[in-house]
Every structure is written in C-alpha cells, then in structure tokens.
Amino acid sequence: YGEPVVKMMDHLGYTATTIGNHEFDWGIEKVFNTMKENDATYSMLTANVYKDGKIADWATPYMIKDVDGVMVGIIGLSTPDTSVTAHKDFVGEYTFEDPAKIVEALIPELEEKGAELIVALTHLPARQDDGVITGELADLVTAVDGLDAAVGGHSHSRVTGLVNDTPVVMAYKHGRMIGNIS
C-alpha cells in the first residue's frame, strides 16, 4: 500500500506530492492510512478531485510553505485520465475537474494568503521532442497566467525546459530521477 514510497519520500525530505492514478489502486484511503501509520511528514495535495460537485472531503488542494524567506504556494493536481486509468470501483464516485480552471481560481486565493511564487505539482503528462514540451502539463502552463513553475507526472517521460518562459520538469519514472527547478 505504498509504504516503501512513503518512507523514501520522508527520507528525501519531500514537502509535498500529488495524487496520481495509482494512489487509487486499493482505494484512496489506503494511501492516507499508510502515510499516517508511517508518520509521513509531507503533504499529499490535489485540488481537482471532486465528489458531488465539491472538492473531495479527503483532498487538500494546496499549501503555502516558507522556503528561505519566500512564500511558495503549491497546488496539487491529478490527471483527469484517472477516471479511466484507475479501477472504476475506486474512482467512479469522483470527477477530475479541468486543472486549468482550478488553478486559475486558486492563484488569486494563494496570492491573497501571501504566496510569492506558485508551483503546480501535478500528475499531468508531458513529453519532450527536440526540446519542445507538449501534453497536458504544457497545456496547463500555456492556459494559466501566474504559474511560476510546473512539475508533471503520469507519462513516465523525462522533461526539462521552459513553456512560455515557465520552468517545467518531469522526472522519468519509479524514482529513477529527481526533477530540479532552481
């Protein structure tokens, strides 16, 4: 139920992660139980998983963290593909809302709460061919003004570069790489 991943993320000092399709493999509550049983010190975020027209009751949409005196807003996003890539018994009651609309609505709220930089921490796929980044992650960055960086997932590709002058990374798969935006 993800125990080795929880321990590895804590050991590496992760601040946050987001919810991908595999977090639903055994039901979302299993992942949160594993985090609790292992005293996880990082947060698991998602802003676009809804149930009955509102954010799922277990979901934490974002956090703001002081990083060396800079207030960084981190918005978690799950890929809408989860509705078809995860087992319907575990995701059938949820909708996965349009990430761009969710981020557009949250940026002013985060800025009002003091966020100076805003990062989308996502499980949105991307690919990079001849330096050009495409896919849902690039679409998000292109559609939303106010993002300072975006991190992707889901497609198991190595992506690093800029989309409209916004840094974008995705660190391959299975913990084999770590993405860095500095």
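Which residue in β4 is the bridge partner of Y50? That's I55, and it comes up again in the second view below, taken like the others from a predicted model.

**View 1. A six-stranded open sheet.** Follow the strands across this sheet and you read β5-β6-β8-β11-β13-β12, with mixed pairing. The edges belong to β5 (62-67) and β12 (158-163); each has a single partner strand, so one side of each is left without a neighbour in the sheet. Going from one strand to the next, the twist averages 20°. Two helices pack on this sheet. Helix α5 (residues 99-112) touches β5, β6 (70-77) and β8 (117-122), and its direction makes about 155° with that of β6. Helix α6 (residues 136-143) touches β6, β8, β11 (149-151), β12 and β13. The direction of α6 makes about 160° with that of β13.

**View 2. A three-stranded open sheet.** Here the order is β4-β3-β7, and the pairing is antiparallel. You'll find β4 (54-55) and β7 (95-96) at the edges, each pairing on one side only. Strand β3 (residues 49-51) pairs with β4 over 2 bridges, in the antiparallel sense. One spot to look for is Y50, whose bridge partner in β4 is I55.

**View 3. The β12-β13 hairpin.** Zoom in on β12 and its partner β13 (residues 166-171), which run antiparallel and are joined by 6 bridges. The two strands form a hairpin with 2 residues between them.

View 4. N48 sits in the loop between β2 (43-45) and β3. Is this loop residue buried or exposed? N48 counts as buried because its relative accessible area is 0%, under the 20% cut-off. Leaving out residues up to four places away in sequence, N48 touches G76, L77, S78, T95, F96, E97, P99 and I102. Look for V103 as well: it lies 55 residues from N48 along the chain, and their C-alpha atoms are separated by 8.9 Å.

**View 5. T17 in strand β1.** T17 belongs to strand β1 (residues 16-18). With a relative accessible area of 14%, T17 is buried. Setting aside residues up to four places away in sequence, the contacts of T17 are M9, Y42, S43, M44, L45 and L121.

View 6. Five side chains to pick out here are V5, M8, L12, Y14 and I178, which make a nonpolar surface patch of about 440 Å². One of them, L12, is found in helix α1 (residues 3-12). L12 is partly exposed, with a relative accessible area of 43%. That value lies between the 20% and 50% cut-offs, which is why L12 is called neither buried nor exposed.

Definitions and conventions: Residues numbered from 1 in each chain as written. Predicted model: local features only at pLDDT ≥ 70, side-chain atom pairs only at ≥ 80, totals over all residues. Heavy atoms only, no water. Patch = residues over 30% accessible without salt bridge, like charges linked within 9 Å, V, L, I, M, F, W, Y side chains within 5 Å. Areas by Shrake-Rupley, 256 points an atom, 1.4 Å probe, with all protein chains shown as cover. Salt bridge = Lys/Arg side-chain N within 4 Å of Asp/Glu carboxyl O. Helix = DSSP H or I, 4+ residues; strand = E, 2+ residues; numbered from the N terminus. Buried < 20%, exposed > 50% of the residue type's maximum accessible area, 1.4 Å probe, protein only. Pairing = 2+ DSSP bridges. Axes fitted to C-alpha atoms, helices over the stretch in contact; angles between N-to-C directions. Contact = heavy atoms within 4.5 Å.
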